[in-house]
Amino acid sequence: MTGPIELADPLLTANQIQSRVRSLADDINGTFANSGRRLSVIVVLKGACFFAIDLLRHLTLDVQVDFLRASSYLGAGSTGEVRLLYDITMAIAGTDVLLVEDIVDTGLTATWLRRHLAGRSPASVHLVTLLDKPSGRRVDVNIDWSGFTIPDEFVVGYGLDYDEAFRNLPGVYVAREVQE
Ligand code: IMP
């Protein structure tokens, strides 16, 4: 997509998202409740920050939080390359890591980041993504928790953008090019 776009009805409403976020947090709380280790929540900017903050509000664990920024996307088509624009500064050795993604499409970013974080000697690395778009997959990626599986559409809202717009929408919408 390059030209003007329009948004249809929400694919996911704010209420649907918030109730799913709550149940993901319950599952994550259950998994790590008795780990005896701190949970390092690593948020992939910019898209995952809305999801991560809402999720964090429901985590009842001993957590530490840091952010990194990776890029594998140009407009609405994947370049197939992953670049780390900035990295975490927090020590994660010996902790359980929870990588928080907005969407897994080709799987390249999540696979690359899992490997990158595993290189810092954490006790474990888990991945939670709000959205999973399996139709776009180019590499197999191990997703521990996924909020919603979505069809092969470009979506915006709740952190996801189209050329930096629409991140602030509380729901998720399919974006389509305006037909002349
Ligand atoms: P992957 O490496 O192809 O799995 O892509 C992951 C990144 O691509 C996400 O973190 C998003 O920034 C971006 N992305 C993939 N699909 C969409 C979409 O439908 N809308 C907005 N961004 C997307």
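Trainee: How much of the chain is buried?
Mentor: Buried residues make up 49% of the 180 residues. Buried means under 20% relative accessible area, exposed means over 50%, and partly exposed lies in between, using a 1.4 Å probe and protein chains only. Keep in mind that this is a predicted model: local features need pLDDT of at least 70, side-chain atom pairs count only at pLDDT 80 or more, and totals for chains, interfaces and linings use all residues. Residues are numbered from 1 along each chain as its sequence is written, and side-chain values use heavy atoms, with hydrogens and water left out.

Trainee: What's the secondary structure?
Mentor: The chain has 3 helices and 9 strands. From the N terminus, the order is β-α-β-α-β-β-β-α-β-β-β-β. Helices (H or I, at least four residues) and strands (E, at least two) are DSSP runs, numbered from the N terminus.

Trainee: And how compact is the chain?
Mentor: Its radius of gyration is 16 Å, close to the 16 Å from the globule rule for 180 residues, so the chain is as compact as a globular protein of that length. The radius is taken over C-alpha atoms, and the rule is 2.2 Å times the number of residues to the power 0.38. Along the principal axes, the C-alpha atoms fill a box of roughly 60 × 35 × 25 Å.

Trainee: Which residues have the most contacts inside the largest nonpolar core?
Mentor: Ile28, Phe51, Leu55, Val128 and Leu131, in a core of 31 residues. A nonpolar core is a set of buried Ala, Val, Leu, Ile, Met, Phe, Trp, Tyr and Cys residues joined through side-chain atoms within 4.5 Å.

Trainee: Which elements supply at least two residues each?
Mentor: Helices H1 (14–32) and H2 (49–57) do, along with strands E2 (39–45), E5 (96–104), E6 (124–132), E7 (145–149) and E9 (172–177). H1 gives the most, with 6 residues. Another core lies apart from this one; it has 19 residues, among them Val44, Ala70, Val97 and Ala110.

Trainee: Back to Val128. What is it in contact with?
Mentor: Setting aside neighbours within four places in sequence, Val128 touches Leu24, Ile28, Phe51, Leu55, Leu98, Leu99, Val100, Glu101 and Trp145. Contact means heavy atoms within 4.5 Å. Across the chain, residues 24 or more positions apart account for 68% of the contacts with a separation of 6 or more.

Trainee: New topic. Is Thr2 buried or exposed?
Mentor: Thr2 counts as exposed, at 74% relative accessibility. Thr2 lies in the segment before strand E1 (5–12). Beyond neighbours within four places in sequence, Thr2 is in contact with Tyr162 and Glu177.

Trainee: What about the backbone? Which peptide bond is cis, with omega near -5°?
Mentor: The bond from Leu45 to Lys46. Lys46 sits in the loop between E2 and H2.

Trainee: And what is phi of Tyr158?
Mentor: Near 50°, a positive value in a residue other than glycine. Tyr158 is in the loop between strand E8 (155–156) and E9. Tyr158 counts as buried because its relative accessibility is 4%.

Trainee: Where is Phe166?
Mentor: Phe166 is in the loop between E8 and E9. Its phi is near 80°, positive in a non-glycine residue. Phe166 is partly exposed, with a relative accessible area of 25%.
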